[in-house]
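Subject: Structure for you to look at

Hi,

Here is the structure I promised to pass on, with a few notes below on what turned up in it. Please have it open while you read.

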Amino acid sequence: IGAASKRGVLVKGSNYLEALNNVSVIVFDKTGTLTKGVFEVTDVVTANSYQKEELLKLAAYAESYSTHPISKSIRNAYNKNIDTNVISDIEEISGHGVCADIKGRKILVGNKKLMEQYGIDTTPTQSFIDKKTGTLVYVSVDGVYAGCIIISDIIKPTSAKAVKDLKKAGVKKVVMLTGDSKKVADAVGKQIGVDVVKSELLPADKVFEVEKLLDEKEKNEVLAFVGDGINDAPVLSRADIGIAMGALGSDAAIEAADIVLMDDDPSKIATAMNISAKTLKIVHQNIVFALMVKFICLFLGAIGIANMWIAIFADVGVMVLAVLNATRCLVYKD
């Protein structure tokens with residue numbers, strides 16, 4: 001645990017460190033875990049005579065109280081002061097978006113599922129949007145489609161290395177779960193090298209997917225989930241091992257997790273697994289060495305050869321040697 005903490009991996013108990021050695025399936029959330037969670041507005045597509053500046057303003061006002069990275073990127077793109085006095089009745093719809101009243105107008109900002117839920121037709125811009133790669137944020141005003149904001153995320157430079165190192169460490173399957181569109185999710189998954197991509201998921205759908213993977217794995221295998229958001233807390237609790245991002249992760253996710261990555265680097269998971277493997281190897285060495293010495297001393301005592309000094313070595317000496325051998329865990333090399 002000390003060796004792992006020196007490398008920015010906080011393990012909340014020896015049982016979780018031991019379980020890391022048996023991880024065969026690892027499930028990643030996408031945003032903020034495999035990607036930086038730093039979004040930028042790359043395009044604004046308008047409909048029904050709305051202007052780009054007006055569309056951005058309505059979206060920024062509706063998202064003014066949200067802490068989600070996508071919401072922050074929209075406010076950054078608008079880059080003007082927001083008069084919160086004209087905003088009321090804000091409702092955050094989990095996994096869909098937000099609904100707000102702005103100067104008496106009902107504004108919806110969210111994904112396509114939110115538009116479908118309220119029966120809003122997004123086809124006027126769909127042919128153009130389909131050519132773009134990024135997260136799509138749809139906007140409607142009083143039930144009328146106003147347009148779509150296209151936002152792009154940046155993949156962490158260590159994400160591909162993390163997946164590669166996990167495979168070397170013995171992980172059989174790497175899965176990525178996300179609420180993003182299939183097109184965006186598949187592009188990210190292919191670039192990083194994950195085995196399975198599940199897209200367009202709500203928080204409850206992520207729990208369901210993890211439940212399925214838990215049922216499919218072997219009895220002695222361990223499933224780990226890696227996430228950072230407040231919506232990931234239920235999945236982190238349900239997985240055999242929950243791993244949270246400590247720098248950008250929400251308090252709820254960090255609290256629910258068994259392991260915390262302090263610098264949000266997914267490649268540190270493989271490092272923690274290697275530390276776990278080395279630790280268990282040393283534990284087994286100590287057990288075998290202690291038992292061998294005990295049995296040899298018992299045999300020597302039975303035939304009348306063992307004296308007091310041999311008995312002391314079999315007790316105290318073996319303990320001292322086991323402790324010295326265990327300190328090798330601290331000199332782990334990446």
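Let me start at Glu209, which is buried, with a relative accessible area of 12%. On this scale buried means under 20% relative accessible area, exposed over 50%, and partly exposed in between, using a 1.4 Å probe and protein chains only.

Before going on, a word on the source. This is a predicted model, in which local features need pLDDT of at least 70 and side-chain atom pairs count only at pLDDT 80 or more, while totals for chains, interfaces and linings use all residues. Residues are numbered from 1 along each chain as its sequence is written, and side-chain values use heavy atoms, with hydrogens and water left out.

**Salt bridges**

Glu209 has a salt-bridge partner in Lys212, at 3.8 Å from N to O. The term covers a side-chain nitrogen of Lys or Arg within 4 Å of a carboxyl oxygen of Asp or Glu. The two sit three residues apart in helix α9 (residues 203-216), so about one helical turn separates them. (Helices, H or I with at least four residues, and strands, E with at least two, are DSSP runs numbered from the N terminus.) Lys212 counts as partly exposed, at 33% relative accessibility.

The whole structure holds 11 salt bridges. One of them joins Asp195 to Lys167, with the closest N and O atoms 3.0 Å apart. This pair links distant parts of the chain, 28 residues apart: Asp195 is in the loop between α8 (182-192) and β10, and Lys167 is in helix α7 (residues 159-168). Asp195 is partly exposed at 40%, and Lys167 is partly exposed at 33%. Another salt bridge is formed by Lys268 and Asp263, at 2.7 Å from N to O. Here Lys268 is buried at 18%, whereas Asp263 is partly exposed at 40%.

**The sheet**

An open sheet of seven strands runs in the order β1-β13-β12-β11-β2-β9-β10, with mixed pairing; two strands pair if DSSP finds at least two bridges between them. β1 (9-11) and β10 (196-198) are the edge strands, each with a single partner, so one side of each has no neighbour in the sheet. β10 pairs with β9 (residues 173-177) in the parallel sense over three bridges, and Val175 faces Val196 of β10.

**Nonpolar cores**

A nonpolar core here is a set of buried Ala, Val, Leu, Ile, Met, Phe, Trp, Tyr and Cys residues joined through side-chain atoms within 4.5 Å. The largest has 34 residues, and Ile26 and Ile241 touch the most other members. Helix α12 (residues 268-302) contributes the most to this core, with five residues. Apart from it lies another core, of 26 residues, including Leu55, Leu58, Ile87 and Ile107.

**Aromatic pairs**

There are two aromatic pairs. Rings of Phe, Tyr and Trp (its six-membered ring) pair if their centres lie within 6.5 Å; planes under 30 degrees apart count as stacked, over 60 as edge-to-face and the rest as tilted. Tyr61 and Tyr78 have ring centres 6.3 Å apart and planes at 70°, so they are edge-to-face. Tyr61 belongs to helix α3 (residues 52-62) and Tyr78 to helix α4 (residues 69-78), and both residues are buried. Tyr138 and Tyr145 make a tilted pair, with 6.2 Å between centres and 45° between planes. Tyr138 is buried at 2% relative accessible area, and Tyr145 is also buried at 2%.
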